[in-house]
Amino acid sequence: MNNFRKKVAIILLASGFGKRFGKNKLLEEFHGRPLFTFAAELAVNSPADIKVIVTQYNEVETLVKTQYPSLLTVRNSWPEEGISRSIRLGLETVLWNEEGEKYEGCCFMVCDQPFFKKESMEHLFQKFYEFPDCISVCSSGAREGNPVIFPKCLFKELLLLKGDRGGKKIIKKYPKLVRRVEVSEEELYDMDNQIDKINMEKT
């Protein structure tokens with residue numbers, strides 16, 4: 001059987017309030033473009049069979065429709081419920097697709113890691129194709145981060161997440177399922193606050 005035929009979805013999580021940043025960081029200009037577009041570009045060029053972005057922002061939705069039409073936009077009208085709602089909305093969109101039952105994995109990606117590379121995304125997918133019943137996680141040394149691909153056997157648990165608890169809870173629950181993909185330390189840098197932005201702009 002050719003493992004490369006396994007269907008994988010990618011879901012961009014773009015509904016956060018950016019409280020630590022002080023405003024909507026997704027639209028913050030970084031190296032001449034909105035921050036979230038780095039993740040959007042990686043997603044549309046990834047090996048994923050369906051590409052989804054979940055957002056609460058009209059501006060993000062408008063930019064996606066004009067610049068990244070292959071990304072399916074899902075509106076999160078209750079972002080105050082936390083990241084679990086974005087995960088649920090995105091995964092339900094994939095599973096309700098006419099070929100939803102055929103998806104063997106789902107990649108979740110945040111939108112504030114502008115240094116993450118296309119090559120690392122490809123390596124992540126290759127790792128999942130090799131171990132389709134495991135959790136493929138990007139890591140640098142002892143640090144684990146995003147993106148992450150979860151196998152079909154864990155979809156139900158992802159749908160049951162509550163509040164601002166994301167996939168890390170499931171990763172910690174099943175350490176024996178984790179398959180790590182080594183990336184550079186810089187690729188896992190995320191822009192949580194204004195100091196992060198200043199430091200990252202120097203990189």
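In what order do the seven strands of the open sheet stand? The legends below begin with that view of the predicted model.

**View 1. Seven strands build an open sheet.** The order is β5-β4-β1-β6-β8-β7-β9. The pairing is mixed. β5 (72–75) and β9 stand at the edges. Each has a single partner strand, so one of its sides has no neighbour in the sheet. On average, neighbouring strands are turned by 25° against each other, direction ignored.

**View 2. β7 meets β9.** The two strands run parallel. Five bridges join them. S136 stands opposite R179 in β9.

**View 3. Helix α1 packs on the sheet.** α1 touches β1, β4 (50–55) and β6. The direction of α1 makes about 170° with that of β1.

**View 4. Helix α4 spans residues 118–130.** It has 13 residues. From first C-alpha to last, α4 reaches 19 Å, close to the 18 Å expected at 1.5 Å a residue. Buried in α4 are S120, M121, L124, F125, F128 and Y129. The buried residues of this helix pack against β1 (7–14), α1 (36–44), β6 (103–110), β7 (135–140), β8 (143–151) and β9 (178–182).

**View 5. The largest nonpolar core has 32 residues.** L12, F36, I53, L71, M109, M121 and F125 have the most contacts inside it. β1, α1, α2 (58–67), β6 and α4 each give two or more residues to this core. α1 gives the most, with six. Apart from this core lies another, of 25 residues, among them A9, V52, V54 and V74.

**View 6. M121 and its contacts.** Leaving out residues up to four places away in sequence, M121 touches I10, L42, S46, M109, F116 and P147.

Terms used: Residues numbered from 1 in each chain as written. Predicted model: local features only at pLDDT ≥ 70, side-chain atom pairs only at ≥ 80, totals over all residues. Heavy atoms only, no water. Helix = DSSP H or I, 4+ residues; strand = E, 2+ residues; numbered from the N terminus. Expected span 1.5 Å × (residues − 1). Buried < 20%, exposed > 50% of the residue type's maximum accessible area, 1.4 Å probe, protein only. Contact = heavy atoms within 4.5 Å. Core = buried A, V, L, I, M, F, W, Y, C linked by side-chain atoms within 4.5 Å. Pairing = 2+ DSSP bridges. Axes fitted to C-alpha atoms, helices over the stretch in contact; angles between N-to-C directions.
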